Amino acid sequence: MTLHADALAVLERWSAPDAAQEDRRAAYVAHLRARPDGWAKGCFPDHLTAGALVLSHDGSQVLLNLHRKARRWFAFGGHLEPGDTTLAGAALREGTEESGLPDLAIDPEPVHLSLHEVDFCDTRGTVRHLDVRFLARLGATTEPVVSDESLDLQWFPVDDVPTDEPDMLDLIRLARERLA
């Protein structure tokens, strides 16, 4: 199965948690049906990305990275690469690379979809990331290591994160519900 086929299958079968997420899911599916390259960074201006939210074992803490380019706190994630075979695998790769946690486990079903504009991603202009976000569970390793893509990594209480962005707050809420 190709990455495109996996992404389309995952998004077609995913049960969105609310009407807004369902609208986004339908838009992502339409994008992939229209664009065989819709998963690739070169697909302009819209392309899929994959992310992983890392929660502590009890769900009370979230690991965030201070993104080097955006200079804001985010969950882990990024572009899909030609070697990726699944969306969940790409999210796990991104989470592992950016957190330095070698033994994360990824929940294979998405938790949240986030569509956001990024003005520093492409020389052609602003792109829209159609981000598919997954829950990553900790293995035995709990001490993260800052990567080249981040300025800092920190654990935060889930009710005291350094952002008021509705997408991040929804992602954290939905991930915690998934743990319950």
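Which pattern does the protein chain follow when read along the sequence? The order is α-α-β-β-β-β-α-β-β-β-β-α. That makes four helices and eight strands. The model is a predicted one.

**Overall shape**

The protein chain has 180 residues, and for that number a compact globule would have a radius of gyration near 16 Å. The value for this chain is 15 Å, so the two agree. The C-alpha trace spans about 40 × 35 × 30 Å along its principal axes.

Contacts tell of the fold as well. Take those in the protein chain with a separation of 6 or more: 68% of them come from residues 24 or more positions apart.

**Surface and charge**

Buried residues make up 48% of the 180 in the protein chain. The chain carries 18 positive and 31 negative charges. Their mean positions lie 4 Å apart.

**Two residues in detail**

The table sets out where each one sits and how accessible it is.

| Residue | Element | Relative accessibility |
|---|---|---|
| Asp 46 | strand 1 (residues 46-55) | 17% |
| Met 168 | helix 4 (residues 166-179) | 1% |

Is Asp 46 buried or exposed? Buried means under 20% relative accessible area. Asp 46 has 17% relative accessibility, so this residue counts as buried. Its side chain has a polar partner: a polar contact of 3.0 Å joins Asp 46 to the side chain of Arg 128.

Met 168 lies in helix 4. Its relative accessible area is 1%, and therefore Met 168 is buried. Which residues does Met 168 contact, leaving aside neighbours within four places in sequence? They are Leu 64, Phe 74, Ala 75, Arg 133 and Thr 163. Met 168 and Phe 74 are 94 residues apart in sequence. In space, their C-alpha atoms are 7.6 Å apart.

**In brief**

The predicted model has a radius of gyration of 15 Å, which agrees with the value for a compact globule of 180 residues. Asp 46, in strand 1, makes a polar contact with Arg 128. Met 168, in helix 4, touches Phe 74 among others.

Definitions and conventions. Residues are numbered from 1 along each chain as its sequence is written. This is a predicted model: local features need pLDDT of at least 70, side-chain atom pairs count only at pLDDT 80 or more; totals for chains, interfaces and linings use all residues. Side-chain values use heavy atoms; hydrogens and water are left out. Helices (H or I, at least four residues) and strands (E, at least two) are DSSP runs, numbered from the N terminus. The radius of gyration is taken over C-alpha atoms; the globule rule is 2.2 Å times the number of residues to the power 0.38. Buried means under 20% relative accessible area, exposed over 50%, partly exposed in between (1.4 Å probe, protein chains only). Contact means heavy atoms within 4.5 Å. Lys and Arg count as positive and Asp and Glu as negative; His and the chain ends are not counted. The place of a charge is taken as NZ of Lys, CZ of Arg, CG of Asp or CD of Glu. A polar contact is a pair of N or O atoms within 3.5 Å; within protein, one must be able to donate a hydrogen and the other to accept it, and residues adjacent in sequence count only if both atoms are side-chain atoms.
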